Amino acid sequence: QVQLVESGGGLVQAGGSLRLSCAASGSIFSINAMGWYRQAPGKQRELVATITGRGSTNYADSVKGRFTLSRDYAKNTVYLQMNSLKPEDTAVYYCTAVVSRSGDLRWSDYWGQGTQVTVSS
């Protein structure tokens, strides 16, 4: 099994910062892309940012210049630094990873349980 454990969500005022972490563990052979999606109430889940196995990043237009995604390959962990937060950033943030498990070389998508980020105006 593969587990993604998220941390770092919470309540912050507009203009503030939060840092989300997501650590992958379990029977992992290799991890390709990792990243974050978010889902606000009444809305579809949307991409926030992803990072490939080679370190290339991709950001949603709405977070470019404010959010920074980084990755610690040795720890199978990604970090999302969120600055200049806005009320519209309020959502449940989900970590995702594309993983090849030990003994099974197929790539599969895994998701974390989600962490709430609330930005007050």
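Asp72 stands opposite Thr77 in β8, strands being DSSP runs (E, at least two residues), numbered from the N terminus. The model is predicted, with local features needing pLDDT of at least 70 and side-chain atom pairs counting only at pLDDT 80 or more, while totals for chains, interfaces and linings use all residues. Residues are numbered from 1 along each chain as its sequence is written, and side-chain values use heavy atoms, leaving out hydrogens and water.

β7 and β8 run antiparallel and are joined by six bridges, where two strands are said to pair if DSSP finds at least two bridges between them. Both belong to an open sheet of four strands, in the order β1-β3-β8-β7, with antiparallel pairing. Because β1 and β7 stand at the edges with a single partner strand each, one side of each is left without a neighbour in the sheet. On average, neighbouring strands of this sheet are turned by 15° against each other, direction ignored, the axes being lines fitted to C-alpha atoms.

Buried here means under 20% relative accessible area, with a 1.4 Å probe and protein chains only.

The one disulfide in the structure, a disulfide being a pair of cysteine sulfur atoms within 2.5 Å, joins Cys22 to Cys95 with an S to S distance of 1.9 Å. This pair links distant parts of the chain, since Cys22 lies in strand β3 and Cys95 in strand β9, 73 residues apart. The torsion about the S-S bond of Cys22 and Cys95 is about -80°, so the disulfide is left-handed; both cysteines are buried.

Thr96 also lies in strand β9 (residues 91–101) and, at 9% relative accessibility, counts as buried. The side chain of Thr96 reaches the backbone oxygen of Tyr110 at 3.1 Å. Not counting residues up to four places away in sequence, Thr96 touches Leu4, Ala33, Met34, Gly35, Tyr37, Tyr110 and Trp111.

Methods:
Buried means under 20% relative accessible area, exposed over 50%, partly exposed in between (1.4 Å probe, protein chains only). A polar contact is a pair of N or O atoms within 3.5 Å; within protein, one must be able to donate a hydrogen and the other to accept it, and residues adjacent in sequence count only if both atoms are side-chain atoms. Contact means heavy atoms within 4.5 Å. Axes are lines fitted to C-alpha atoms, for helices over the stretch in contact, and angles run from 0 to 180 degrees between N-to-C directions.
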